[in-house]
Amino acid sequence: MDGLEAVVPRRVVVTGAAGKLGRAVVAHLRAAGVDVLAVDRVGGRDPRAVDGEFLQVDLTDYGQVLEAFTGGADEHAGGVGAVVHLAAVPAPGLLPNAVTFANNSAATYNVFAAARAAGIKRVVWASSETVLGLPFDTPPPYAPVDEEYPPRPESTYSLNKALEEEMARHFCRWDPELVMVGLRFSNVMDVEDYAGFPAFQADPRLRRWNLWGYIDARDGAQAVERALAHDRPGADVFIIANSDTVMTRSSAALMAEVYPDVEIRGALGEHETLLSIDKARRVLGYEPRHSWRDHVDPAG
């Protein structure tokens, strides 16, 4: 864990543990010796379910969440030191808007409130790149985009993520000892997803919706680990993306072709991410270790 063993809590609840990022996070933390209680609404016999300690929980039910966090469920210990909240309807357009909002807002409130009631002082949760203004039909104010401009939600899903960030600020105002870290994850990819990347190359507009960003699930898990080690009280948010784009053409060329009027701040590396990870590097010590270019011939 790169010297983080002494500061990462020894028992951690991970919600959304059966999802793409959740599986990577659970595996990463368990490999590092963390005692993980994996939580999801998906049943333990589902083929996506993670191995090891698992509890099926409906996060929209506060009582179930509090029981999971305090060791009230039979055969599951208490002593939880941190919560990683990844569970959600994962994107806009999968369910009617009101259903997405009702599920995600209730689940996140219950996780935040139950953590506070249980005396858990560290919460890491999945915010989203969507709060930056995705799908960027309105061009970004500048690039690379960063955490310095206010959220610009363009969907009900993103609106909820923006409200979660505001909610976290108030939870930390109520309890000044709380550490709450929101990770604005880019589009999560497993290694097998990289086979589709050569198809993006012919038309840069296919992936303009998130400025050609992505996050390898393994690097997403690393970011969670580093966020769990963050011990500065208060709420903070970080963009979490890979250090490169999904494209073979240069980042400067992409912006010049698709967003010619957007200000470019600083010199861009050839394939440098346009979702700035400078803050995550500086504050969390996050540094991506994986790239799609290690797995797929960019030329197809």
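Predicted model: local features only at pLDDT ≥ 70, side-chain atom pairs only at ≥ 80, totals over all residues.
I started at tryptophan 125 and looked up its bridge partner in S7, which is glycine 182.

Strand S5 covers residues 122-128 and strand S7 covers residues 179-185. They run parallel, and 7 bridges join them.

Then I zoomed out to the sheet. I found 7 strands in an open sheet, and I wrote down the order as S3-S2-S1-S4-S5-S7-S10. The pairing is parallel here. Which strands stand at the edges? I got strand S3 (54-56) and strand S10 (234-240). Each has a single partner strand, so one side of each is left without a neighbour in the sheet.

Now the helices. H3 packs on the sheet and touches S4, S5 and S7. I noted about 175 degrees between the direction of H3 and that of S4. Helix H4 (residues 156-174) packs on the sheet too, touching S5, S7 and S10. For H4 against S5, the directions make about 155 degrees.

Last stop, the surface. I found a nonpolar patch of about 250 Å², made by Leu94, Leu95 and Val99. Where does leucine 94 sit? I traced it to the loop between strand S4 (82-85) and helix H3 (97-117). Is leucine 94 buried or exposed? Its relative accessible area is 53%, and exposed means over 50%, so I put leucine 94 down as exposed.

How values were computed:
Residues numbered from 1 in each chain as written. Heavy atoms only, no water. Patch = residues over 30% accessible without salt bridge, like charges linked within 9 Å, V, L, I, M, F, W, Y side chains within 5 Å. Areas by Shrake-Rupley, 256 points an atom, 1.4 Å probe, with all protein chains shown as cover. Salt bridge = Lys/Arg side-chain N within 4 Å of Asp/Glu carboxyl O. Helix = DSSP H or I, 4+ residues; strand = E, 2+ residues; numbered from the N terminus. Buried < 20%, exposed > 50% of the residue type's maximum accessible area, 1.4 Å probe, protein only. Pairing = 2+ DSSP bridges. Contact = heavy atoms within 4.5 Å. Axes fitted to C-alpha atoms, helices over the stretch in contact; angles between N-to-C directions.
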